[in-house]
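Have a look at the picture, then follow the text.

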Amino acid sequence: MELSIWRGEWGLGSVSIECLEALVYSKIVQAVQKIHVRKYVFSSDMSPWLWVSSSGKSVVGASSIISYLKSENLDADCNLTQKERADILAYKNMIKYKIAPALKYAMWCDERNYCEVIRPTFAKIYTFPSNYSMPGRLQRAALLEAWGRFGECATPNEMETKLNRKARECMTALSERLGKSSYFFGSKPTSFDAYVFAYLSLIVKTPLPNASLNGHLNTFSNLVEFESRIHNRFVASEVRRRAAGRTRPEWVGVVLSLSFAASVMFSYAIVKGILHIDFKTE
Amino acid sequence: MDGDQFFPGVQPARVDKVHFENVGRTKNDVLAKAVQTLMDCTTFTEILLKCAEARRQLDQLGAFKRIDVEIQTSKSPGATEHGYEVIFDVEEKKTISGGVNGLVANNEGTMVMGAQLPNVGGRGEFIQAQVQYGTKHSSGFNITASKPFLGKRNSRFTVAAYEEAADYPWNAFRERIRGVLAEYSFRSLPSIDHSLRWEGVWRELNPLGITVPFPVREQMGHSLKSALKHIMTIDTTDNPVLPTEGFSLRVCSEVAGHNLGGDIRFVKNELEHQMNFSLFNDLVLQLTANAGHMTPNEQHNISDKFFLGGPLGLRGFKLRGVGPQCEGASLGGTTYWSTGCHLYSPLPFRRGHGYIGEYLRLHGFVTAGSLSEGVDSAKLQDPSVSAGLGVVLSLGHQVRIELNYAVPLRHQRSDRTNSGLQFGMGMAFL
Amino acid sequence: MGTTLLQEAWAVEVGSREPWAEDSKLYQPIEETQAQCNEKAQSLAVQSYLRMCGLDHVVEQRPNAEFISPTGSVPVLQCGSFVLADLDSIVGFVASKGICLTSNLSAAENADHAAYFSLVQTVFDNAELYFSWVVPNGYEVTWKRYGSVYPWPLSDILPWSKRRAVKRAIKDWADKQERDVLEEIDSCLFALSERLAEREWFFGSKPTELDALVFGHLYVLAGESDGTPGSKVSSLIRKYDNLMNICSRVKNTYFKGSLT
């Protein structure tokens, strides 16, 4: 089985929450032989793909991938009781409606964060010509979502404070639930750990100038430790492998662009007749 | 017109021919109607008077930039004895005009785009559209179509659709209104103007700020007002902002609801009166009196009510600061009266009718008024009174700007007073 | 609309100095002809929460309750000079007066309580909005009820614009198929049923705001008459006996005969 994900930045396994979740889960159950980082990205769809070579089938989306892997007997949750499964549903829901909106807001709607970090990074990730249009479109979608929730008159400050307060409530609950143990449910990692990790990892590792959400998370040391534990165990090797595999050092790009500029100026000079080249035959 | 020739009014004269020059779009039938009366003239004085009347009517059409009238003795073949030719040399307005303006007010930038189609059907009809786009929430638009009818009554039919939004911090709410209106205006006797209008307005009220008092908060939401309104105006003043003589009277009656539809229901009457007397030494005495009443305990909300107080109204009080209040927001009332007495004087160093004297004046004033919910005679007989001195500036004889030092002499406990300097700008004043 | 945050903070700060006002009022839309399913459920949840805390209040019906509310959601609680909406804000406000139903739970239990509270709130609220506003035959009913308090043409315009606003606010739900929504509700019900098991209340030996919230939603959803889109939900709920039991327990303990 092969997993195709969005590439990572800032030491993340992937910039997409869903890809990160699928990556960690597949590492937990040791299902995937090969991980591809998508080279050409055009659409706003950030979901991971799983390519099952044996049956020639592809599965899209983190939750579909996880349920597919579970059906293939690669189930990290098999030791859970019904009550624990119920708890997982409740906690997942709380993360989805309390942490996710705050994270989305911090990344896409906060003007400074978007301009200084998010837009440049996503412009690099997207393939030409989507790199010009897609980041703006994603921001628009995030803003519409925030306005839909708070009304268009709400000021950015109010929205942020309110979302962060909700996120903090959720972090408090998660921190209490985790306590001193290594994983949320039992002594082995489960799908819920992958789910929580994806969000926490993005909050911890994205170097946002306005890092209020990260500041909130940092007050819960067990959650931060949990993030680095999962990262080191399942994701770090992947990040290292990719960093080593980077081709084309930076100076090549500089030389290429310099020579491009020089040749353009040169040909302009020739066409305009500023520069004459005479080939004299005697 | 040759002004220096003198004709005794009795000398017989008739108009042989009326001629228009440079007419493009304007239709012949309206032009003919405007000059119809000229053909019946029998004396030269009459011709002069009728020409002036015809010129006024053509002006009323709003179709021309310039109208020149020329009267010549008739020389064409078939000319009668004492026959004259009248030539109207006009310049029509462009088919379309428009503009974009930007303005900054109340911490908000606004862009206004407007376009006008004057004389669109050739009979003086015009269509006008204006769109306002604010950076925050003051966006709005206005589309008006209007048609004049020539004749003695000077009547005009107008329809309009509009949307606008405004904040009322002194009431702690924000209002957005969208409406349509149809209006027929006419003149019944010289200088008595009437306007008869129906309005359907959808009002949306939203609370403004964090501590909106509950009596205001509970009136928020949507409402629809369908109302018939009659406004009668008599105005003989010589200037709308700084008059020196004449009087004006405005009587406005409005019926909302009552089989007209909508969920707002009231009957409202309001009267505004102003008298000016020129005294010695260019001093002007101005007396004003306003009063209004609307049926209490029917279905209406805060945006229908009367308010009192402000730098151009009952001075010495905060804007809408007189009458029922709750936690710093005024609730308005259904009955009010207010009166003012001003004594205007030119600036001390520039006496006479100088240019500045016409636009800038000093005044001393006493204003009094009372506002109550229902006809509460105890409250209405115990008015809030203020007095003060100040400077009045007329901006293009349209907008009045005042800087006053006012002191409230008597006030109710609930009133929000504003003793000291007060600055005001607006069209209506007390 | 966006100023509620300060207001809440202010209410918690200042509110704690004043006792609970005896004449507190709860404003909700007109139950019979206007209120939507989610509004009824939230109102019932707040009422049962206040009854659990033993706090006096009067319920008043106002056609413009939605606009009285600082957040746009109902019911609206007016206690003294404070105006609050949403159960969690009201819980915070009541807690500032020293009344807290979850005070004797352990930290871990509190965390679970918060998770389940959020689960019930989001799933049922979104599902109710979905069945009232998104599903076509549900919207037919909603359209009439929502517009019933306005004269024409507002009775046509306002439901339409509200529908757009709701669809935008519950974006990820509005795109779902009805089947997926029912599935989501069922898994939520299953989780609740597992958590409750055979105990009397969800957490501890006394009712908490979670019980009030579950009661509010389930009582209203289970009471949906046949033929409406909500009836599919009510048949789902009836499968879980322990959830039906907790509903009747809340009803009998706190609403003695006052609910039909």
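Where in chain C is the place of C:Pro75? This is a predicted model, in which local features need pLDDT of at least 70, side-chain atom pairs count only at pLDDT 80 or more, and totals for chains, interfaces and linings use all residues. Residues are numbered from 1 along each chain as its sequence is written, chains are lettered from A and ligands numbered from 1 in the order in which they are written, and side-chain values use heavy atoms, with hydrogens and water left out.

Back to the question: C:Pro75 sits in the loop between helix H3 (65-68) and strand E3 (76-79) of chain C. Helices (H or I, at least four residues) and strands (E, at least two) are DSSP runs, numbered from the N terminus.

The bond from C:Val74 to C:Pro75, however, is cis, with omega near 0°. Another cis peptide bond runs from C:Trp152 to C:Pro153, with omega near 5°. C:Pro153 belongs to the loop between helix H6 (136-147) and helix H7 (154-169).

Now turn to phi. C:Asp86 has a positive phi, near 75°, and lies in the loop between strand E4 (82-85) and helix H4 (87-96). C:Asp86 is partly exposed, at 24% relative accessible area; that term covers values between buried (under 20%) and exposed (over 50%), using a 1.4 Å probe and protein chains only.

C:Ala197 also has a positive phi, near 50°. You will find C:Ala197 in the loop between helix H9 (178-196) and helix H10 (209-222), partly exposed with a relative accessible area of 34%.
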